[in-house]
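Dear colleague,

I am handing over the structure below, and after it you will find an account of what turned up in it. Please keep the view open while you read, and look up each residue as it is named.

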Amino acid sequence: MGSVSLKIEDGTARFKRATLCSSAVNFLMLFSVVTTNLFALYAFTYSPKQQINNPLHHPHKNISLISQQVSLIIREIDSSQRKLAQMEKELLGYDTLDLSRPNLASELKLFLQHHQLPLGKDSRTGITEMVASVGHSCEKSADLLSQYMSYKVSGPCPDDWSLAQKLILKGCEPLPRRRCFAKTVPKVGLSALPVSLWKSVNENSVTWSGLGCKNFDCLNSKKLSRDCVGCFDLVNGYETQKYVKVRSKNDFLIDDVLAMGNGGIRVGFDIGGGSGTFAARMAERNVTVITNTLNVDAPYSEFIAARGLFPLFLSLDHRFPFYDNVFDLVHSTSGLDIGGKAEKLEFLMFDIDRILRAGGLFWLDNFYCADDEKKRALTRLIERFGYKKLKWVVGEKIDAAGSGKPEVYLSAVLQKPVRI
């Protein structure tokens with residue numbers, strides 16, 4: 001029996017754990033093995049009754065019969081492989097977009113077409129055609145994707161950033177490119193660095209469509225996340241004290257952490273960086289930080305950019321678009337808790353490890369531990385990487401939302417080892 005494999009040419013394919021129909025796959029494989037072996041046994045032992053007395057009387061007929069049986073076996077194997085491949089696709093949640101589907105936007109069909117290279121095969125890369133990069137999970141949201149790709153070519157794009165984000169959160173990432181002009185918002189009141197880091201952002205310079213709040217006062221009155229309570233107030237809020245003053249033993253001073261890097265911290269990556277205050281504090285110290293964010297309930301990306309910082313609009317389900325071993329520091333708060341199965345966090349941690357250079361620092365900043373089991377699971381996962389614990393603190397602090405309940409948080413500074 002030949003092996004059955006699912007070849008995935010695009011690293012953007014999404015997978016989900018196979019929990020259903022596993023027994024069906026096993027049964028089908030067992031059935032295929034038994035069936036093909038019975039066919040083989042039949043082919044090589046059977047002979048017509050009229051040739052029993054003289055089996056060599058018509059040798060060409062025996063050869064022809066064997067050939068027919070072998071062909072039948074091959075067809076049976078091929079059919080079984082196709083069935084198994086289809087079942088594997090269904091189990092893994094992987095499939096390709098069916099361009100023959102009715103009501104699919106013409107722009108989407110055009111974008112997904114393979115385009116042959118004008119000069120044939122490229123001698124350096126070996127490719128012969130250009131293939132569009134679109135997340136395979138888009139198949140599960142084909143109607144939304146078709147809506148996203150419905151627009152007037154060379155005209156203004158629909159004001160549908162929230163639709164794009166909805167697709168991203170459903171695993172449809174990366175999204176296809178579009179041939180329309182994105183809506184422009186006048187960026188009024190922008191200042192040069194370093195003044196821009198702490199100057200209030202003009203409310204008219206960001207997009208409020210698709211959001212519940214329509215101004216920063218509304219946002220500052222809400223608990224948007226554990227790491228963003230009043231985080232859009234750059235004048236009177238706690239953001240002005242973050243990383244330079246401590247409120248609990250879990251809060252580390254930014255200068256203390258930089259000192260652990262022995263002067264080698266130049267570029268960093270902030271995961272779930274709220275309104276960009278971590279990157280702002282690093283910018284004051286001549287460290288360049290990219291902030292990963294999505295506009296969930298607030299215009300994080302535009303706010304961070306207005307401060308003169310670099311926002312990266314990307315979900316944590318997506319592989320980080322950076323080369324290996326390029327960052328001196330990776331910083332993460334409770335945004336690291338992406339939910340779901342434990343394996344999901346493992347994939348994320350391995351990707352963090354991939355982009356962090358040897359000797360670089362991983363700063364886990366006030367990670368919320370819902371219970372002791374969550375804390376133990378994260379601790380076991382971190383220990384698998386062999387990082388050196390430069391600082392490790394587990395402590396309680398009062399819920400920032402004002403509920404008055406103590407919550408357990410883990411903060412740590414870890415150094416990536418050199419692996420040979």
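Which residues of helix 11 are buried? Please bear in mind, before turning to the answer, that this is a predicted model.

In helix 11 the buried residues are Leu378, Thr379, Leu381 and Ile382. They cover an arc of only 165° around the axis, and therefore they lie on the same side of helix 11. What these buried residues of helix 11 pack against is helix 10 (342-355), strand 9, strand 10 (388-398) and strand 11 (406-415). The length of the helix can be checked as well: helix 11 (residues 372-384) has 13 residues, which at 1.5 Å a residue should span 18 Å, and its end C-alpha atoms are 19 Å apart, which agrees. Just after helix 11 comes glycine 386, which takes a positive phi of about 75°.

The next topic is the aromatic rings. A pair of aromatic rings is described by the distance of the centres and the angle of the planes. The count comes to 16 aromatic pairs when ring centres within 6.5 Å are taken as a pair. In one of them, the rings of tyrosine 243 and phenylalanine 278 have their centres 5.4 Å apart and their planes at 75°, and because an angle over 60 degrees counts as edge-to-face, this pair is edge-to-face. The pair links distant parts of the chain, since tyrosine 243 belongs to the loop between strand 4 (228-229) and helix 7 (254-260), while phenylalanine 278 belongs to helix 8 (residues 277-284), 35 residues apart. Tyrosine 243 and phenylalanine 278 are both buried.

Tyrosine 243 also pairs with tryptophan 363: here the ring centres are 5.9 Å apart and the planes stand at 80°, so this pair is edge-to-face. Because tyrosine 243 lies in the loop between strand 4 and helix 7 and tryptophan 363 in strand 9 (residues 356-369), the pair ties together parts that are 120 residues apart in sequence. Tyrosine 243 has 9% relative accessibility and so counts as buried, and tryptophan 363 is buried with a relative accessible area of 0%. Elsewhere, ring pairs link Trp208, Phe216, Phe232, Tyr300 and Phe303 into a cluster.

The charged end of arginine 226 sits over the ring of tyrosine 368, at 3.5 Å from its centre, and lysine 389 lies over the face of tryptophan 392, 4.2 Å from the ring centre.

How many disulfides does the structure hold? There are 4 disulfides, and if the bonded cysteines of the chain are numbered in sequence order, their pairing is 1-3, 2-4, 5-6, 7-8. One of the disulfides joins cysteine 138 to cysteine 172, with an S to S distance of 1.8 Å, and because the torsion about the S-S bond is about 95°, this disulfide is right-handed. Cysteine 138 lies in the loop between strand 2 (129-130) and helix 4 (142-148), and cysteine 172 in the loop between helix 5 (161-169) and helix 6 (216-220), so the pair ties together parts that are 34 residues apart in sequence.

Another disulfide joins cysteine 213 to cysteine 218, S to S 2.0 Å, and with a torsion of about -55° about the S-S bond it is left-handed. Here cysteine 213 counts as buried at 4% relative accessibility, whereas cysteine 218 is partly exposed, with a relative accessible area of 23%. Cysteine 228 and cysteine 231 form a disulfide too, with their sulfur atoms 1.8 Å apart; this link is left-handed, with -45° about the S-S bond, and both cysteine 228 and cysteine 231 are buried.

Finally, a few backbone details. Most residues other than glycine have a negative phi, and most peptide bonds are trans. Against that background, the peptide bond that joins glutamate 173 and proline 174 is cis, with omega about 5°, and the one from leucine 193 to proline 194 is cis, with omega near 0°. Serine 154, in the loop between helix 4 and helix 5, has a positive phi near 70° and is exposed, with a relative accessible area of 55%. Aspartate 297 also has a positive phi, of about 70°, and at 48% relative accessibility counts as partly exposed.

Notes: Residues are numbered from 1 along each chain as its sequence is written. This is a predicted model: local features need pLDDT of at least 70, side-chain atom pairs count only at pLDDT 80 or more; totals for chains, interfaces and linings use all residues. Side-chain values use heavy atoms; hydrogens and water are left out. Rings of Phe, Tyr and Trp (its six-membered ring) pair if their centres lie within 6.5 Å; planes under 30 degrees apart count as stacked, over 60 as edge-to-face and the rest as tilted. Helices (H or I, at least four residues) and strands (E, at least two) are DSSP runs, numbered from the N terminus. Buried means under 20% relative accessible area, exposed over 50%, partly exposed in between (1.4 Å probe, protein chains only). A charge sits over a ring if NZ of Lys or CZ of Arg is within 6 Å of the ring centre and within 35 degrees of the ring normal. A disulfide is a pair of cysteine sulfur atoms within 2.5 Å. The expected span of a helix is 1.5 Å times one less than its number of residues. The arc is that of the directions from the helix axis to the C-beta atoms. Contact means heavy atoms within 4.5 Å.
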